[in-house]
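Dear colleague,

Please find below the structure that I am handing over to you.

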Amino acid sequence: RYRSADYRAQQNSASEVMAIPLDHQNVVVIVFGMADCPACEHYIPRLVAEAEALKQHGYPLIVNPEQVLPRNAVPVMIYDAASPDSSVQQLADRFAIHATPSTIVAMRGPGSFRCEGALANNQITWLLLMACDAANRP
């Protein structure tokens with residue numbers, strides 16, 4: 001089980017993540033949260049737990065990867081929307097983040113989408129499975 005302190009420790013600075021090449025990924029899941037946001041504190045640990053559970057069943061989800069990824073991997077990147085890191089703020093602006101939590105499924109080609117607010121467990125599963133499916137597109 002993940003607690004809010006665990007999720008805060010997993011957040012990325014954009015500079016850490018930008019060092020990981022994502023050029024070959026067909027899909028990336030990007031999550032923006034904030035410390036002391038009750039919805040984020042409830043949602044993000046559930047999303048991470050579901051991604052880890054699906055990974056145990058063979059789905060190619062990797063939360064906050066630290067190395068180059070296989071082409072079909074689905075990185076799940078977690079960012080603090082209140083970060084003073086200008087790279088994080090540029091990323092938030094690029095996806096027009098105005099509320100937290102916000103989850104973006106960014107796909108190569110058409111099909112990208114954003115969900116604002118905390119999702120129910122079945123919606124989290126659906127979103128992650130959809131991202132995994134997109135990862136295997138040619």
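A residue is called buried when its relative accessible area is under 20%, exposed when that area is over 50%, and partly exposed in between. Cys-115 has a relative accessible area of 17%, and therefore counts as buried. Cys-132 is buried too, at 4% relative accessibility. Please bear in mind that the model is a predicted one. A search of the whole structure for disulfides returned zero.

The backbone deserves a separate paragraph. Most peptide bonds are trans, and most residues other than glycine have a negative phi.

The peptide bond between Thr-100 and Pro-101 is cis, with omega at about -5 degrees. Pro-101 belongs to the loop that runs between helix H4 (86-94) and strand E4 (102-107).

Ala-96 lies in the loop between H4 and E4 as well. Its phi is positive, at about 50 degrees, although Ala-96 is not a glycine. With a relative accessibility of 29%, Ala-96 is partly exposed.

Asn-64 is found in the loop between strand E2 (61-63) and strand E3 (74-80). This residue, which is not glycine, has a positive phi near 45 degrees. Is Asn-64 buried or exposed? Its relative accessible area is 10%, which means that Asn-64 is buried.

Yours sincerely

Key
Residues numbered from 1 in each chain as written. Predicted model: local features only at pLDDT ≥ 70, side-chain atom pairs only at ≥ 80, totals over all residues. Heavy atoms only, no water. Helix = DSSP H or I, 4+ residues; strand = E, 2+ residues; numbered from the N terminus. Buried < 20%, exposed > 50% of the residue type's maximum accessible area, 1.4 Å probe, protein only. Disulfide = S-S within 2.5 Å.
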